[in-house]
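Open the model in your viewer and keep the selection tool at hand. The stops below are given in the order in which to select them.

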Amino acid sequence: MVWSGAGDGQCRFQCEPAAQHESIADSETWRCPHDAMADADHCPFHRPPAETPADVDVSAAFLDAVESGADGDRTARRRSKQFLGADIATLDLSMAVVDATDNYPIDLRGASIDRLDGTDSEVGQRLDLRGATVGELRLDGVYHELDARGATVESGAFAGVRVDGVDCRDATFEAVDFDRASVGEAAFDDATVGDGSFHHTDFGMADFDDATFGGGYFNETSYDEAVFERIEAERFYLPDATLAGGTFADAAVSMKLVLKNSTFVGTDFTGLDAERVDLTGSTLVRPTVDDATVADLQLDEATLASPRLTDCVVDRVTAADVRCLGVVAVEDCTVDTVDLSPMAAGPDGVALVSLSGSAVGGGTLGQPADGTVVYDLEQATLGTVKFTGGGSDGPLDRLAFHRTRFDGFDVRDDDDVDLEAADYRLHELADALAAPLRTTVAYPNALETVVDAAGDETVAALLERAATRAADQSLPAEARERYDRLATAVEGTIPAADGEVTYLRAKNGANDIADNTAASAFFVSQLAYRRRTHAGRVVDRSTPLWGRVRSLGRWGLNGFLFLTTGYGERPSYTLGASVALVVGYAALYLALAPRLFADVGQYLQLSLGSFIAFFLGGVGAVDDGMVNVVAQSEAFLGAFFIALYVFALTRSVSR
């Protein structure tokens, strides 16, 4: 050793262990076990650096002290490694090998060290820096464990380190660098990091709960499990990373969260609050995004393997050349603008983008060059959205309208939807979608099952295995309900009550943008489905008798309005009904008085005259009394039908 305590006794430094770190339960006063320096009261580790002679090598003394208890009992071995409250200017442990036969930590709790250099060192015991203050900390080598809970570090350099565990909970780092490190377990819960760099680091498990970053950089890192729960950062970079499981729940990133070219399998983004999230080129395998708020979400060239977004608020989504697999669920969300241009879809060439319950303000939703994307618009609210692609037939038969609300949606714009060519029918999907849609709807559950049981498979193998499983497995209840609804649309039908609401909302939306032609067509369909609703109640034996009778009357009136006026939208129907009425009465006159006229044409003349009699001043006299009575009834109906015609004509012109 470079100093001798002979004649000077033990170092007089003492402290309360709890004062060094709040998690220490020891209640006894700790006394330094090391010898005091000659002509001094303290050892070189507790003597102020300014008072330590220049010829004293504190670093060598430290290593000697660590090894001094090797031949002693347990207490001696434990005590020889204790340096609580040390005050050291420079602790140079570079190239050192510390590998005692015991597991007692090298205890520097509460120490104050200007510079601690462990370059190319090997330390087989835990390095305990709880509550310590370190200006420059450099560990580059092989370490068993670093415990820096509650520590304050200006600069932490761990580039290339190999360490089984790092515990930096509640620690504060102005800057920390773990580039190309290998860390078994890392805990940064409630840590504060000014600038953190974790490029190419391999984590067995990483926990960053409640951590705060000025800037966090995790380029090309990989994790068996990672927890970034409740982190706070201005900028957080995790590109080229692989994250199986893990969570970003309740993370808050005020500027940008960059996750480009990364792979996320089953990752939880619940409660994420970020200004900008960049997932360009990333693969998202069944992530969960619930109650998140993102201003700008970038998904260009990403693979979306059945992600789930629910109750989220997103200002803008950009997703060009994305690959959609299974059900891409964006449900009960608010999206101001979306630009989705799928590149491919699967499995079986079909994907489903569910906007169920979501409000989409505007943007473009396209079709891939390879495959088909079906948009499930159940209970969705569409603003100035355009649907593009779909070849010469357009995308209409890939849109599943179901109780959809229209808030500015305009079928007259320059998108590829041609409602006029489809006779304004909203509820039909292409016939060829029946079989592949079943596999598509089954895919999310199959993928979740495969992920839960995943071993060392590549992500590509997981996706392929999920597709195979989806084709064979039965549908769970939620998926079955969705598929049954879509299968009904493939068959070209829709339940009566749902059809009435769907076309009612379509009519209201068309009226709001003064699209009279579409509004008229949708109104006719709305009332047609209302007639079917009444018919269903008539035959429903669970409905009380009076209710069934009332529904029968409404069904009859509805049918009459359709036949005679096209629900007020088709004046030609009234003309047709009037012609039929005139011909019918002429036949009735002929049956009642076959000898009244010699020519059948005279019966038609009598019927036509009676039809317009209210406007000509009465019915001409006829010798047959019964014919006179019937002619009066035709006169009444004629006036009624003429009024219906004026009503329908006026309504159609006003549109």
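Is Phe522 buried or exposed? Phe522 is buried, because its relative accessible area is 5%, and buried means under 20% relative accessible area, exposed over 50% and partly exposed in between (1.4 Å probe, protein chains only).

Before going on, note that this is a predicted model, in which local features need pLDDT of at least 70 and side-chain atom pairs count only at pLDDT 80 or more, while totals for chains, interfaces and linings use all residues. Residues are numbered from 1 along each chain as its sequence is written, and side-chain values use heavy atoms, with hydrogens and water left out.

**Aromatic pairs**

The whole structure holds 42 aromatic pairs. Rings of Phe, Tyr and Trp (its six-membered ring) pair if their centres lie within 6.5 Å; planes under 30 degrees apart count as stacked, over 60 as edge-to-face and the rest as tilted. Select Tyr424 with Phe522: this pair is edge-to-face, with 5.9 Å from centre to centre and 85° between the planes. Tyr424 lies in the loop between strand 34 (405-406) and helix 4, and Phe522 in helix 8 (residues 516-538), so the pair ties together parts that are 98 residues apart in sequence. Helices (H or I, at least four residues) and strands (E, at least two) are DSSP runs, numbered from the N terminus. Tyr424 counts as buried at 13% relative accessibility.

Next, select Phe597 and Tyr603, an edge-to-face pair with 5.2 Å between centres and 85° between planes. Phe597 is partly exposed, at 24% relative accessibility, whereas Tyr603 is buried at 2%.

**Charges over rings**

Select Arg531 and Phe562: the charged end of Arg531 sits over the Phe562 ring, 5.2 Å from its centre. The criterion is NZ of Lys or CZ of Arg within 6 Å of the ring centre and within 35 degrees of the ring normal. Then select Arg532, whose charged end sits over the ring of Tyr529, 4.7 Å from its centre.

**Two threonines**

Thr440 is in helix 4 (residues 434-452) and is buried, at 0% relative accessibility. Show its contacts (heavy atoms within 4.5 Å): leaving out residues up to four places away in sequence, Thr440 touches Gly326, Val327, Pro347, Val350, Ala351 and Leu352.

Finish at Thr119 in strand 6 (residues 112-128), which is buried at 17% relative accessibility. Beyond neighbours within four places in sequence, Thr119 contacts Ser94, Met95, Arg138 and Asp140. The C-alpha atoms of Thr119 and Ala510 are separated by 72 Å.
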